[in-house]
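Subject: Structure for you to look at

Dear colleague,

Here is the structure I said I would pass on.

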2 protein chains.
Amino acid sequence: MPAIGVAYLGPVGTYTHQAAHQKFGPSAKYVGQDTIKDVFNSLSPTIPFGVVPQENTIFGSVIETYDQLRHSNVGKGLFVVGEVTLGVQHCLLARKGIPLSEIKDVLSHEQALGQCQGFLSKHLPSARQMKMPSTAAAAEAIATSEEYATSAAICSKICTTVFPELDVLEESIQAMNGIDTDSSGLGNRALIRIQHSDGARTSDLLLPLSVIDLGVSRIDRRPSLCGNPFEDMFFIEVFQRSEGSKWGDEVSDAMQRVMKAGWKACLLGIWHC
Amino acid sequence: MPAIGVAYLGPVGTYTHQAAHQKFGPSAKYVGQDTIKDVFNSLSPTIPFGVVPQENTIFGSVIETYDQLRHSNVGKGLFVVGEVTLGVQHCLLARKGIPLSEIKDVLSHEQALGQCQGFLSKHLPSARQMKMPSTAAAAEAIATSEEYATSAAICSKICTTVFPELDVLEESIQAMNGIDTDSSGLGNRALIRIQHSDGARTSDLLLPLSVIDLGVSRIDRRPSLCGNPFEDMFFIEVFQRSEGSKWGDEVSDAMQRVMKAGWKACLLGIWHC
């Protein structure tokens, strides 16, 4: 049997790569993509799964992912089928043999640099901080470019398996503790995309919400694709308040009520976590 | 009487500058700031007003603005006191005497370039497109740098008053029509920031929403500042469904109900538009 294909937001060694590994294990065939849009576009019978970042606890929702969820193929051929909560542990990596005291520059994605300011100002106060397109790109730069031979990268530990010439100098250097995945709550979930049928600015979002009658854990808002100013799409993540009845039926009934209230509703996915 | 001080997201000639002019007129003293955060921080007895972008119809909410609204001084000393809806009309500007046929490069902010792709591919298919930090920075570059003497900038018309050496080659070149400000709806509005008291991932957002009993026009979600993973702040923009009663009392009563449902609530502002 061929390995299952999984697209993810690359390059090799990103936190999305790590999340994909956590879900699909070592035997899947991982295909890194340059952008979140590319992950969506690459899905096919041979690459049936894609992993994209939805949110991080410091910088919030990932706009590019929600923008892709606006397209009509999501909810038809493509569906959300699961979620992974990853306790992001930033590590400080450097080439083997380079001690902390010799580090001149620290490279990482802007967000990761921001999350590690406490560590950096305490332990590397005079190191220059350089922004890179991703944490994995920072690891690649210090591993492969002589210019950065005495630099460190802030990135995921997985980068040491991708670049064996690198070592971990420090683990878990971010401001916030890692996420306890249990605290994120277990249960049945679904994602519903709703939009007012005529989309005026004064559409009252309470009308569909007041009839949903499911738990609501997230609401995200993006401009719709139709071109009318201030016509929004809302992404409502719902959860089952108490088990017992069939979750699929509960969601389906809720969508019927939303549509009776004059709003369009499309089920983007249903999953258990 | 000294002119009223108004801080805005600069530099001179941005759409935020234009929105500020629309609200405060020609006699105010405008103080451009480098960042949205700087606009908030610059407010003082001599600069009592600030203008920041909240949303545009193509790219959605402006994250940096909502992030500033998370801070506890908003809703105490600082309040949202009004809104301006601006029909953004991108213009193509060049130095006086340079015709469209001689344009080699087009400079603008990435979003504005994106919004004008239709015009550019039709009228300037071979011009190089160059990203600049803002539309106003593009205007400044073509006005002041000899390197860009035969370049055009996509920006607001206001830039021709800031840089009199520039002329408008084309007006309203964006994909979408300007916004009819009337369509955005008039009436009484308020912005309320809510947060669950203990902030679990499965906090049911329907509990406070179902008791608000006001019109809800916008819901935005940002990570809270407390450091707990997935503890969100929600920004609920509400509107008065029918005039008659006192809007301030309606909002105050709604907030009491939200707090009784176990959520924190803070009034960030109340205004008429």
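This is a predicted model: local features need pLDDT of at least 70, side-chain atom pairs count only at pLDDT 80 or more; totals for chains, interfaces and linings use all residues.

Chain A overall

Nine helices and 14 strands make up the secondary structure of chain A. Its C-alpha trace spans about 65 × 50 × 40 Å along the principal axes. Of the 273 residues in chain A, 52% are buried. If you take the contacts in chain A between residues at least 6 apart in sequence, 72% of them join residues at least 24 apart.

Domains 1 and 3 of chain A

Chain A is split into three domains: domain 1 covers 1–86, domain 2 covers 91–170 and domain 3 covers 186–273. I looked at how domain 1 and domain 3 of chain A meet. Their centres, taken over C-alpha atoms, are 22 Å apart. Domain 1 of chain A puts 18 residues into the contact, and domain 3 of chain A puts in 19 residues.

The size of an interface is often given as the accessible area lost when the parts come together. For domain 1 and domain 3 of chain A, the buried area is about 1500 Å², with carbon and sulfur atoms giving 53% of it.

What polar links cross this interface? Twelve residue pairs are in polar contact between domain 1 and domain 3 of chain A, counting pairs with both residues at pLDDT 80 or more. On the side of domain 1 of chain A that touches domain 3 of chain A, helix 3 (residues 63–69) of chain A supplies the largest share, four residues. That side of domain 1 divides into eight nonpolar, six polar and four charged residues. Three salt bridges are found across the interface of domain 1 and domain 3 of chain A. There is also a salt bridge between the side chains of A:Asp67 and A:Arg222, at 2.6 Å from N to O.

Salt bridges

Side chains of opposite charge can pair when their charged atoms come close. Over all chains, the structure holds 28 salt bridges. Three of them are described here, with where their residues sit.

A:Glu237 pairs with A:Arg218, and their closest N and O atoms are 3.1 Å apart. This pair links distant parts of the chain, with A:Glu237 in strand 13 (residues 232–239) of chain A and A:Arg218 in strand 12 (residues 215–223) of chain A, 19 residues apart. Both A:Glu237 and A:Arg218 are buried.

A:Asp232 forms a salt bridge with A:Arg221, with 2.8 Å between the closest N and O atoms. Because A:Asp232 lies in strand 13 of chain A and A:Arg221 in strand 12 of chain A, the pair ties together parts that are eleven residues apart in sequence. A:Asp232 and A:Arg221 are both buried.

In chain B, the side chains of B:Arg189 and B:Glu237 form a salt bridge at 3.4 Å, N to O. B:Arg189 is in strand 11 (residues 188–196) of chain B and B:Glu237 is in strand 13 (residues 232–239) of chain B, so that distant parts of the chain, 48 residues apart, are linked. B:Arg189 has a relative accessible area of 1% and is therefore buried. B:Glu237 also counts as buried, at 2% relative accessibility.

Some salt bridges join into a network. The residues linked in one such network are A:Glu55, A:Glu83, A:Arg189, A:Arg218, A:Asp220, A:Glu237, B:Arg221 and B:Asp232.

Where is B:Cys159 found? B:Cys159 is in helix 7 (residues 159–162) of chain B. Its relative accessibility is 0%, so B:Cys159 counts as buried. Apart from neighbours within four places in sequence, B:Cys159 is in contact with B:Gly13, B:Leu93, B:Ala136 and B:Ala139. B:Cys159 and B:Tyr15 are 144 residues apart in sequence, with 9.8 Å between their C-alpha atoms.

B:Ser42 is part of helix 2 (residues 36–42) of chain B. With 17% relative accessibility, B:Ser42 counts as buried, because the cut-off is under 20%. A polar atom of the B:Ser42 side chain lies 2.9 Å from the backbone oxygen of B:Val39. Leaving out residues up to four places away in sequence, B:Ser42 touches B:Ala7, B:Gln33 and B:Ile47.

Regards

How values were computed:
Residues are numbered from 1 along each chain as its sequence is written. Chains are lettered from A and ligands numbered from 1 in the order in which they are written. Side-chain values use heavy atoms; hydrogens and water are left out. Helices (H or I, at least four residues) and strands (E, at least two) are DSSP runs, numbered from the N terminus. Buried means under 20% relative accessible area, exposed over 50%, partly exposed in between (1.4 Å probe, protein chains only). Contact means heavy atoms within 4.5 Å. Domain bounds come from an automatic or database domain assignment. Buried area is the accessible area (1.4 Å probe) that two parts lose on being put together, summed over both. A salt bridge is a side-chain nitrogen of Lys or Arg within 4 Å of a carboxyl oxygen of Asp or Glu. A polar contact is a pair of N or O atoms within 3.5 Å; within protein, one must be able to donate a hydrogen and the other to accept it, and residues adjacent in sequence count only if both atoms are side-chain atoms. Ala, Val, Leu, Ile, Met, Phe, Trp, Tyr, Cys and Pro count as nonpolar, Asp, Glu, Lys and Arg as charged, and the others, Gly among them, as polar.
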